[in-house]
Amino acid sequence: MTMDATMDAAPTSAPHHPDNAARNRLVIAILLVSTFVVFLNETIMSVAIPHLMKDLEVTASAAQWLTTAFLLTMAVVIPVTGFLLQRINTRPIYMIAMSVFSVGTLICALAPGLELLIFGRVVQATGTAIMMPLLMTTVMTLVPPEGRGKTMGNISIVMSVAPAIGPTIGGFILAHFDWRFMFYFTLPIAIGALVLGAMRIRNVSNPRYAPLDVFSVIVSALAFGGIVYGLSSLGEGAEHGSAIPAWLPIVVGVVAMVVFIRRQNNLAKDNKALLDLRTLQHRNYTMALITMAIAMVALLGSSILLPIYTQSVLGLDTLQTGMLLLPGGLLMGLMGPIVGRLYDKIGPRPLLVPGVILVSAVMWALTFVSQYTPVWAVVAGHITLSFGLALTFTPLFTSSMGSVPMPLYSHASAILGSVQQVAGAAGIALFVAVMSLRTASGIAEGLGGVDALAAGIRAGFLCGAIISLAMVVAAFFVRKPEVAPGGMAPVGH
């Protein structure tokens, strides 16, 4: 170990010590900014879907893979980050993540067609997948329990606002430039974050040996990939038929998931699991995880359907669509730190329960949209949805991660990230599949194109509304973790 690395690692024996406060704030600030940049790409392409469908002559189901492939790759890669965070120190793993993300952004900017564009998104997602677990694990290590709500409020800005304002930025760029400029916009920011991190970030973790089970990596890819691909195939089959029946990859994914879970349980006995599923034995963590998954279905599913609805049904252009979604994104940004401070004072339930009820109510309201729905009603619905999600994410992040002991932080953040991204990818695939099936059915019934699409969009939102009821029930079981003396580990489950 070099002297530099020794100096970086030395203070980690007392991460909460006041002498480390300035270093901790700097590391967390750099990670927050960088994570914001990479997560912006989760939805920056959403308003471009109708544009790309015409420009590249592809179907909605094919074009939505630009978002689904991004989320699916994250879900496959994130489990490996539990291994990486244990083996590699903060600065080098940060450099790896931002370098990979920057390369992926460059590939997207230069892509001549859909295939290479999707490949570039996959490379981007590989870098993004490392950033969120790195941020969450670092925060849980450096921030004492009594201040985590405030810090998680800032993280909620990254997790919710970045995807929320992505459509606004994408819409503005598409109104004035070619779609490739969405990536030309991101690339210099990503490179700037990489350079800043190389100059200023410090090592704050204590790397240790951790084995990598290659079989677990392969099985996890089959599990998550099979399920989401199967859901996406439902929509593809509705439009022009599919050579592979949609149920086949779903069955493969479910079987692989069962194998993966059994493999992890066996490896956990020797502390060799890729994902230590003993984390799920902490009841509060599990309930927060379930609620988070359903919330991501609502956020990402609506983020893909709303732009299609506003452009293809209401007739708005990309810039107008982006501006329509902007107030909600800004509200989420303003609410994040406020909700974080409230969490530290009153706990999760008084915030979480009203939040999920609002989200569910908006999802049900969206089942009534048509080509005659006033634009102001759509804006009001999106603002209300954003307010509900702002009340939801911070309590869920803080309660879930605070419910496990420190040795499980890397596994808890990896599981949280994996489930979150799979839920988002599955939500997008499911919403588009239902929309496509209902649209095709409407056309077969003799409906006009716009009327049939509106019916399909209503069906997609109905699917999300039904699922959201489970989120409302689960929210009542999430509570504030009790902390042991010294604030190092939760008490009980």
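**Helix packing and selected residues**

Tutor: Where α14 passes α15, the crossing is left-handed, meaning that the near helix is turned anticlockwise from the far one by less than a right angle. The model is predicted, so local features need pLDDT of at least 70 and side-chain atom pairs count only at pLDDT 80 or more, while totals for chains, interfaces and linings use all residues. Residues are numbered from 1 along each chain as its sequence is written, and side-chain values use heavy atoms, with hydrogens and water left out.

Student: At roughly what angle do the axes of α14 and α15 cross?

Tutor: The axes of α14 and α15 cross at roughly 145 degrees and come within 8 Å, where axes are lines fitted to C-alpha atoms over the stretch in contact and angles run from 0 to 180 degrees between N-to-C directions. The helices themselves are DSSP runs of H or I with at least four residues, strands being E runs of at least two, numbered from the N terminus.

Student: Which residues in α14 and α15 meet?

Tutor: On the α14 side they are L351, L352, G355, V356, L358, V359 and V362, and these meet G381, T384, L385, F387, G388, L389, L391, T392, P395 and L396 in α15, with contact meaning heavy atoms within 4.5 Å. The residues of this contact of α14 with α15 divide into twelve nonpolar, five polar and no charged; Ala, Val, Leu, Ile, Met, Phe, Trp, Tyr, Cys and Pro count as nonpolar, Asp, Glu, Lys and Arg as charged, and the others, Gly among them, as polar.

Student: And how do the axes of α14 and α17 cross?

Tutor: Helix α14 (residues 349–365) and helix α17 (residues 449–475) have axes that come within 8 Å and cross at roughly 165 degrees. The two are therefore roughly antiparallel to each other, a class for angles over 145 degrees, with under 35 counted as roughly parallel, 65 to 115 as roughly perpendicular and the rest as oblique. The crossing of α14 and α17 is left-handed, and the residues of their contact divide into 15 nonpolar, three polar and one charged. Among the residues that meet are R349, L352, V356 and W364 in α14, and F461, G464, S468 and A475 in α17.

Student: Changing topic, how many helices and strands does the protein have?

Tutor: The protein has 17 helices and two strands. Of its 493 residues, 60% count as buried, where buried means under 20% relative accessible area, exposed over 50% and partly exposed in between, using a 1.4 Å probe and protein chains only. Among the contacts with a separation of 6 or more, residues 24 or more positions apart account for 84%.

Student: M401 next: is it buried or exposed?

Tutor: M401, whose place is in helix α15, is buried, with a relative accessible area of 0%. Residues up to four places away in sequence aside, M401 touches M136, M140, M152, Y285, Y409, A412, S413 and L416. M401 and S413 are twelve residues apart in sequence, with their C-alpha atoms 7.1 Å apart in space.

Student: What about T398, and what does it touch?

Tutor: T398 also has its place in helix α15 (residues 375–401), and at 6% relative accessibility T398 counts as buried. Not counting residues up to four places away in sequence, T398 touches R148, G149, M152, Y343 and P481. A polar atom of the T398 side chain lies 2.8 Å from the backbone oxygen of T394.

Student: Where does T279 lie, and which backbone oxygen does its side chain reach?

Tutor: T279 lies in the loop between α11 (247–268) and α12 (283–312), and its side chain reaches the backbone oxygen of D276 at 2.8 Å. T279 counts as buried at 0% relative accessibility, and it touches Y285, V404, L408, H411, A412 and I415, with residues up to four places away in sequence not counted. H282 lies in the loop between α11 and α12 too, and counts as buried at 11% relative accessibility; its C-alpha atom is separated by 9.6 Å from that of P405, 123 residues apart along the chain.

Student: Last one: is I96 buried or partly exposed?

Tutor: I96, in helix α6 (residues 90–110), is partly exposed, with a relative accessible area of 41%. I96 touches I88 and I130, again not counting residues up to four places away in sequence. By contrast, L117 in helix α7 (residues 114–142) counts as buried at 0% relative accessibility, and its contacts beyond four places in sequence include M45, L52, W179 and F183.

Methods
Polar contact = N/O pair within 3.5 Å; in protein donor to acceptor, adjacent residues only side chain to side chain.
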